[in-house]
Amino acid sequence: MTGTSTLLLAANVGDPDMSVLTDDPFWLILIKAVAVFAFLLVMTLFSIVFERKVVAKMQQRVGPNRHGPRGWLQSLADGVKLMLKEDIIPTLADKPIFILAPIISAVPAILAFACIPFGPEVSIFGERTTLQLADLPVSVLYLLAAASLGVYGLILAGWSSGSTYPLLGSLRSAAQIISYEVAMGLAFVAVFIYAGTLSTAGIVQSQHDWWYIALLPSFILYCIAMVGETNRTPFDLPEAEGELVGGFHTEYSSIKFAFFFLAEYINMVTVSAIATTLFLGGWQPPPIPGLSGLDHGWYPLIWFVIKLLLFIFVFIWLRGTLPRLRYDQFMAFGWKVLIPVGLVWVLAVATFRAYQEHVSDRTPWLIGFGVVVGVLLVVAIIDPGAARAQREQEEAERERAESAPSLDRIPWPPPSDGATRALAGRTAAGSGVAGSAGGDKGNTTVIPAGSGPRQES
């Protein structure tokens with residue numbers, strides 16, 4: 001077995017001790033489950049107002065300022081309003097699926113948060129437990145599976161509405177999420193190779209010395225993919241109002257309409273928590289002297305929330321800054337840029353890791369690496385393809401200019417002899433009369449056929 005495949009299959013090497021979670025009594029598991037659900041609801045209410053306030057500041061206008069202190073209860077008031085609104089179901093809708101679709105969209109986003117570690121081992125009512133609802137040897141795969149189930153809610157919502165535009169929006173959403181989940185999975189592989197485990201708690205423990213944000217291409221790849229995964233600007237194609245009149249939730253109203261936005265904001269929190277766990281050390285404090293003592297008790301929960309809010313702010317920043325892409329640009333970027341870059345990066349990380357672990361005489365490797373880099377630099381400096389591409393572009397421009405329509409190529413019909421004599425007579429008479437009167441009424445210019453090329457004025 002090769003070194004690379006050994007590394008990829010060594011998922012049990014860094015698995016943490018899960019007996020602390022499995023020994024929890026039922027009442028403690030119930031408390032942690034309720035706490036996770038309440039945390040997600042509070043973060044959703046906070047994120048909506050936070051987004052509106054941040055975008056208002058960026059656009060130099062007043063944001064929410066009426067309900068609650070400085071308007072911070074605006075999202076709560078909106079939720080109450082949506083619950084009290086009339087619930088309308090279209091006549092052509094498939095009623096059971098139409099009602100079930102928003103729930104299917106929201107529930108997987110909540111389930112995915114079960115494997116996120118909030119902090120280390122603490123004492124709750126005298127019981128020692130970790131600040132995590134559940135952990136698995138393959139927790140990251142569970143996160144990907146749970147997040148991908150949300151697309152079923154969007155597809156069923158569009159299909160069950162009995163309308164064309166919601167169906168188109170749901171199809172867009174399915175293609176988008178499937179495309180960007182591939183890139184997201186590739187971004188995780190480098191983390192697995194270095195952590196030696198698929199457990200979220202184990203990945204956090206393996207970042208004690210250095211954070212995996214150092215795997216910068218994986219981090220950038222994941223940040224782009226998580227924006228596309230959550231249908232956020234500039235990748236909110238399923239909700240393109242100008243094209244699809246609202247997308248898959250066009251026919252929804254009242255609380256079912258709110259469920260889709262609940263799912264969107266919970267997904268924002270979930271993917272931000274995954275990024276925090278996999279790339280920013282999870283609940284661990286920054287590797288700054290003086291902060292290393294704040295990694296026990298309830299302090300790590302504060303670090304986790306701060307990192308989470310940082311990612312949510314980036315989501316909002318992108319929404320207030322970037323315009324929406326076209327659908328073809330979006331899909332081409334996912335399949336032609338993100339996935340090839342992810343594959344090349346995974347190959348490079350696996351090769352380097354195998355080289356680091358199993359190669360003792362590194363001189364030939366270093367020489368080969370230097371030769372490859374030198375050849376790439378020479379090719380980049382000479383760039384033989386650039387001149388050819390420039391010539392082809394100039395040739396194409398010249399062909400377009402030659403084939404452009406011109407007055408010289410317009411087939412002018414020749415006038416008849418009788419019409420020519422009549423027009424000439426009227427022109428002569430009009431010139432004499434109008435000339436003496438100081439006007440040019442009646443002047444008519446006749447262009448004879450075959451008089452040569454005409455000039456454009």
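Here is a walk through the nonpolar cores and the salt bridges of this predicted model.

Let's start inside. The largest nonpolar core has 74 residues, and Phe113, Tyr222 and Met226 touch the most other members. Helix 7 (residues 164-195) supplies the largest share of this core, with 13 residues. Take Tyr222 as a way in: leaving aside residues up to four places away in sequence, its contacts are Met184, Ala187, Phe188, Val271, Ile274, Ala275 and Phe279. There's also a second, separate core of 11 residues, with Ala101, Val151, Ala157 and Ile177 among them.

Now for the charges. The structure holds nine salt bridges. One of them pairs Lys256 with Asp87, with 2.4 Å between the closest N and O atoms. Lys256 sits in helix 11 (residues 254-279), while Asp87 is in the loop between helix 4 (74-84) and helix 5 (95-111), so this pair ties together parts 169 residues apart in sequence. Lys256 is buried, at 6% relative accessibility, whereas Asp87 is partly exposed at 40%.

Helix 11 turns up again with Glu264, whose side chain meets that of Arg232 in a salt bridge (3.1 Å, N to O). Arg232 lies in the loop between helix 9 (216-229) and helix 10 (241-244), so here the parts tied together are 32 residues apart in sequence. Arg232 is buried, with a relative accessible area of 2%, and Glu264 is buried too, at 11%. These two belong to a network of salt bridges that also links Glu51 and Arg319.

Finally, look at Arg326 and Asp328, a salt bridge with its closest N and O atoms 2.9 Å apart. Arg326 is partly exposed at 48%, and Asp328 is partly exposed at 44%.

Terms used
Residues are numbered from 1 along each chain as its sequence is written. This is a predicted model: local features need pLDDT of at least 70, side-chain atom pairs count only at pLDDT 80 or more; totals for chains, interfaces and linings use all residues. Side-chain values use heavy atoms; hydrogens and water are left out. A nonpolar core is a set of buried Ala, Val, Leu, Ile, Met, Phe, Trp, Tyr and Cys residues joined through side-chain atoms within 4.5 Å. Buried means under 20% relative accessible area, exposed over 50%, partly exposed in between (1.4 Å probe, protein chains only). Helices (H or I, at least four residues) and strands (E, at least two) are DSSP runs, numbered from the N terminus. Contact means heavy atoms within 4.5 Å. A salt bridge is a side-chain nitrogen of Lys or Arg within 4 Å of a carboxyl oxygen of Asp or Glu.
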